Amino acid sequence: MASRARRVPLSDRGALWNLALIWVVIVVGLLTAIGCVGYILNESLISYSTCGARTVSCGDAGWYSSMGLTFFGGFAAVVIGGGFGIRRHYRASGVWYPLAGLGGALLLTAAAVVLLKTLTRT
């Protein structure tokens with residue numbers, strides 16, 4: 001019967017470097033979330049200018065849903081991932097959590113673009 005190996009906590013120096021790396025990834029994630037919101041804003045302006053040229057009216061659902069999804073969802077994914085990473089920085093490498101939050105923000109942006117294009121039919 002194989003015994004299960006226990007993880008040894010990181011040393012103080014290793015935990016400090018891990019925490020510094022986590023904060024770098026959190027800052028990069030927040031900057032990326034700001035860039036994603038700007039991208040969605042640009043896509044919304046393009047979609048609604050295209051809607052203005054047509055005779056068919058586009059509703060506001062595309063604007064509100066895509067901006068809400070990107071803005072609140074993207075920042076929430078980065079902040080929650082960062083919080084989990086900071087909590088685990090002594091026990092294991094917690095940098096995977098903010099990276100997952102960054103990936104979540106990018107996936108939410110992609111979903112927001114699809115939602116915007118679908119709802120405005122552009």
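The S-S bond of Cys51 and Cys58 has a torsion of about -75°, so the disulfide is left-handed. This is a predicted model, where local features need pLDDT of at least 70, side-chain atom pairs count only at pLDDT 80 or more, and totals for chains, interfaces and linings use all residues. Residues are numbered from 1 along each chain as its sequence is written, and side-chain values use heavy atoms, with hydrogens and water left out.

**Cysteines**
- The sulfur atoms of Cys51 and Cys58 sit 1.8 Å apart, and a disulfide here is a pair of cysteine sulfur atoms within 2.5 Å.
- By that rule, the count is one disulfide.
- Cys51 and Cys58 are both buried (buried means under 20% relative accessible area, exposed over 50%, partly exposed in between, with a 1.4 Å probe and protein chains only).
- Cys36 is buried too, at a relative accessible area of 8%.

**The largest nonpolar core**
- Five residues make it up: Val37, Ile40, Met67, Ala112 and Val113.
- Two or more of these residues come from each of α1 (12-53) and α3 (96-120); helices (H or I, at least four residues) and strands (E, at least two) are DSSP runs, numbered from the N terminus.
- A nonpolar core is a set of buried Ala, Val, Leu, Ile, Met, Phe, Trp, Tyr and Cys residues joined through side-chain atoms within 4.5 Å.
- Setting aside residues up to four places away in sequence, Ala112 touches Ile40, Ser66, Leu69 and Thr70 (contact means heavy atoms within 4.5 Å).

**Ser44**
- You'll find Ser44 in helix α1.
- Ser44 is buried, with a relative accessible area of 1%.
- Beyond its neighbours within four places in sequence, Ser44 contacts Trp63, Ser66 and Leu116.
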